[in-house]
Amino acid sequence: MPTIDTRVTISEVPADSLASAACPACSHEWSAHDQISTRYCKATTAGSYSRGCVCPAAK
Ligand SMILES: [Zn+2]
Ligand SMILES: [Zn+2]
């Protein structure tokens with residue numbers, strides 16, 4: 001029976017992970033989103049749409 005070391009598989013998540021993590025909808029970092037694109041991508045993620053993004057970085 002294989003042993004699973006959870007100390008390795010579960011990494012610590014930094015408190016500011018939301019700001020540095022990539023957006024699940026468009027893969028831009030959250031820090032690259034403005035207020036409009038943040039709302040847009042959260043709606044995209046919630047609705048499982050595939051419609052691109054409106055990030056300033058994408059233009
Ligand atoms: Zn996004
Ligand atoms: Zn984007």
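I started with S27: it has 10 C-beta neighbours inside 10 Å, so I put it down as exposed. The cut-off for exposed is 12 or fewer, which is why a count of 10 gets S27 that label. Before going on, a reminder to myself that this is a predicted model.

Next I looked up where S27 sits. S27 is in the loop that runs between α2 (17-20) and α3 (35-47). Then I checked its backbone. S27 isn't a glycine, yet its phi is positive, at about 70 degrees.

Which other residue did I find with a positive phi although it is not a glycine? That was S48, with a phi of about 55 degrees. I found S48 in the segment after α3. Is S48 buried or exposed? I got 7 C-beta neighbours inside 10 Å for S48, so S48 goes down as exposed too.

After that I stepped back to the whole protein. How many helices and strands does the secondary structure come to? I noted three helices and zero strands. Reading along the sequence, I wrote the pattern as α-α-α.

How much of the protein counts as buried? The protein has 59 residues, and I have 15% of them down as buried. For that label, a residue needs 20 or more other C-beta atoms within 10 Å of its own.

My last look-up was about contacts. I took the contacts with a separation of 6 or more, and 24% of these join residues 24 or more positions apart.

Conventions:
Residues are numbered from 1 along each chain as its sequence is written. Chains are lettered from A and ligands numbered from 1 in the order in which they are written. This is a predicted model: local features need pLDDT of at least 70, side-chain atom pairs count only at pLDDT 80 or more; totals for chains, interfaces and linings use all residues. Helices (H or I, at least four residues) and strands (E, at least two) are DSSP runs, numbered from the N terminus. Two residues are in contact if their C-beta atoms, placed from the backbone, lie within 7 Å.
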